[in-house]
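Hi there,

Here is the structure I promised to pass along.

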Amino acid sequence: MALVGIGGLGKTTLAQIVYNHGKVVRHFDEIIWITVSKDFDVIRLLNEMVQSLIGKKPLLSNVNEIVKNELGGRLKGKRYLLVLDDVWNLVQNHWDRFRKALFGIGASRGSKIMVTTRIRQVALMMQASFIHVMRFLSEDESWAIFKQRAFAKGGAIETQNMVDIGRDIVKCCSGVPLVIKALGGLMYSKKSETKWRSILSSQLRDLNYKTIIVLPALEICYGHLPSPLKHCFTFCSIFPEDFDLEKSNLIQLWMALGLLRPPKNSDLSMENIGNKYFDILFLYSMLQDAKKDEYGSITSCKMHDLFQDLAQYKSDNYCSNLEASHLNGDSDVVHLSLICSLREIPEISMKICLRLQTLILKGGLDGKLLASLKGLRVLVLENYSIIELPVSIEMLKYLRYLDILKTSIFLLPNNVTKLYNLQTLKLRWVQEVPKSIGRLINLRHFCFGSIVESQDCMLIGVGRLTNLQTLSFFTVNRDRGCHIEELGSLDNLTGDLTIFGLEHVENYGEAEYANLSKKSHLCTLRFCWAPPRSSMQFRNDETINKKVCNDEDVLEGLQPHSNLRGLTIENFTGGKFPSWMMVESQPSLVLSNLVKIRLCNCNGCEQIPPLGHLQYLKVVKIIGMGDVKVIGAEFYGKHTAGGGASSSSSRAAEVSMFPTLRELTLRQMPRLEKWLEAVQQSSSMSVFPWLEKLKIRMCSSLITVPNHFPSVRELIISGCPNLLNMPCLPSAREVSISGCTKLIGLPSLTQVFPLRDGNFILEVVIN
């Protein structure tokens, strides 16, 4: 089938809704999405199909090899859905070659192709069985979208005069959703009636709403961007169409190019300015399709192809994304993304080398080329055949951003520490970091592709990097420059931080030197000790008992800031959790903003900390707490409004335990016998009102569980041979039970399923 319509009507959005729909996902064995654009290259499309299936691009050049060895092996006999987004190709032979290749896969009958295109003739040429022509929105539909944007909280005030002007603006949008959203976002930021009238009369008056003119309307939004933000927007044209733009990465690139300059006498950081710019572009729909993390923060987005066209036009060849063979030696390009074969070292004219500030290189590299790029500020290498950085890297004195994530460089050379202006350093994984890394005093973001769990301290003297904001992990040991106090001076840390080697921290005072309670911008913390011996041995080993007390003191000293959203504790051998985890009332509530907690192998603790009072908590995972025998009243916590402070205005908080919890996991708790009901002080009190997923695994002694799970849709219980009862599950949709040999029946489900004798493995799915 084909979705046909002009740019901005929502073809891709509709295709995404179908692609992600639960019924579609369950109906097909595989679903594949490819952005085609104007380059209908059969080899590229087949390689991207493989990439969609296995997560990496094979870069094969033979159609038969791709079809038989890659796609055939994964799709033969299967039913798949292939979405080809934004197709422009009108060459029949190209489509015939691609279709022939697809037939060669040997997929099952019922496989489908969905196409989005601006050109009806494309759909006819591809012999689409059904063509859906996207319609323009009605005036009322258009107004509803515009009103939601322009008059949102913090925007313009919805007076009658503003409504009248707004409806005239909507008429100029021709029923095109992208234009409506873009202008709605623009008017949100222009709060006065005078500014609305000015934009309508001076800039929209030339747009005849009876004629569909999309790009000029979008250009109005561009015209209202501050000058630095215009450069930020046009820089995005260096990326390919439909590219996932990682928010933090985009801001770091803008920063490296000097586009984020805080006002004089301002406390704002460059990252603050970057976040503000990103929000404006998102408000104007210049960036869209946001992906969010589990804490609700935007992590990435995409740029609509019409805005991509506008960015390319406005960049005036300053930004280019092209193959090396198409590079013109007289080009005025300043920001260049260059594609060539893996071993090919591109030839870049001296004129370009002297002007170049950004180079994203998908090909070979040598020292001579690098030495000629003396003005470079951004260098990104994307080639896994590159195993080392040339010595000439030290000549890039202005370099502020170095990304070698997609290479095979495992040793960082010492001369990297001569790049004194470096702000962002991104590594895939390295065996060794130069001991003089502390020289990079301007470094703000030290990023690794994966967290390296090692007993060795790789980041010696990291405390000297006082501007550091991103640090994925730090390993503590007793060597000089590796003590936990190195973290104490890093007041600007943001995001996620893992601390390994906490067994090397000697006491509370030393732990307190990390100064975590002052790090208000950290989102998540992960505390890791080395795996201990079993808790049964603690009682007879004096050395281990001393370590238990020490671990308790250390965790007490690692108290985080109350802004923390996620907390993980691993291999903690203490017998009790710190006081800051046990507090249940304001103003001392440290974990008041916690969204996710994971306690793993805390085998010495006999009690789970109180969590039911935390009003933002959504995910709880308790794994390997071998000494817990009963989960009782302490787990549910004390309950008053606001997590402890009384308030007559917040009745919902007064009557809920775990008011926002969505997922709860209990695993590897061999001594747990009873999970008790909550003590409800009134009939109006609710427990787990929004819990959707409940997983109980490998709790071999568990006999009883509570009965208060009104919203659970997915239940998994396995490895609980002594369990006798099942909870009431009025909302259940998926239930899986295995290894529960004493369970008698499921009387509490909405639909009753008799259990078979003998082989007691049951999976229940309620549609």
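S285 is buried (under 20% relative accessible area, with exposed meaning over 50% and partly exposed in between; 1.4 Å probe, protein chains only), with a relative accessible area of 2%. Before going on, please keep in mind that this is a predicted model, in which local features need pLDDT of at least 70, side-chain atom pairs count only at pLDDT 80 or more, and totals for chains, interfaces and linings use all residues. Residues are numbered from 1 along each chain as its sequence is written, and side-chain values use heavy atoms, with hydrogens and water left out.

S285 sits in the loop between α14 (270-283) and β7 (288-292). Helices (H or I, at least four residues) and strands (E, at least two) are DSSP runs, numbered from the N terminus. Although S285 is not a glycine, its phi is positive, about 65°. Most residues other than glycine have a negative phi.

N571 also has a positive phi, about 60°, without being a glycine. You will find N571 in the loop between β20 (566-570) and α20 (579-582), where N571 is buried at a relative accessible area of 8%.

**Helix α7 and its neighbours**

How do α7 and α9 meet? The axes of α7 (residues 139-150) and α9 (residues 177-189) come within 7 Å and cross at roughly 35°; axes are lines fitted to C-alpha atoms, for helices over the stretch in contact, and angles run from 0 to 180 degrees between N-to-C directions. On the α7 side, the contact (heavy atoms within 4.5 Å) is made by S142, I145, F146, R149 and A150. From α9 come I180, K181, L183, G184, G185, M187 and Y188.

Which residues of α7 are buried? They are S142, W143, F146 and A150. These lie on the same side of α7, because they cover an arc of only 100° around the axis, taken from the directions from the helix axis to the C-beta atoms. Their cover includes α8 (160-171), α9 and α10 (193-202). On the face turned away from the buried side, α7 carries the exposed residues D140 and Q148.

**Helix α3**

In α3 (residues 42-54), the buried residues are V42, R44, L45, L46, N47, E48, M49 and V50. What covers them includes β2 (30-37), α4 (63-75), β3 (80-87) and α5 (92-103).

Happy browsing!

Definitions and conventions
Expected span 1.5 Å × (residues − 1).
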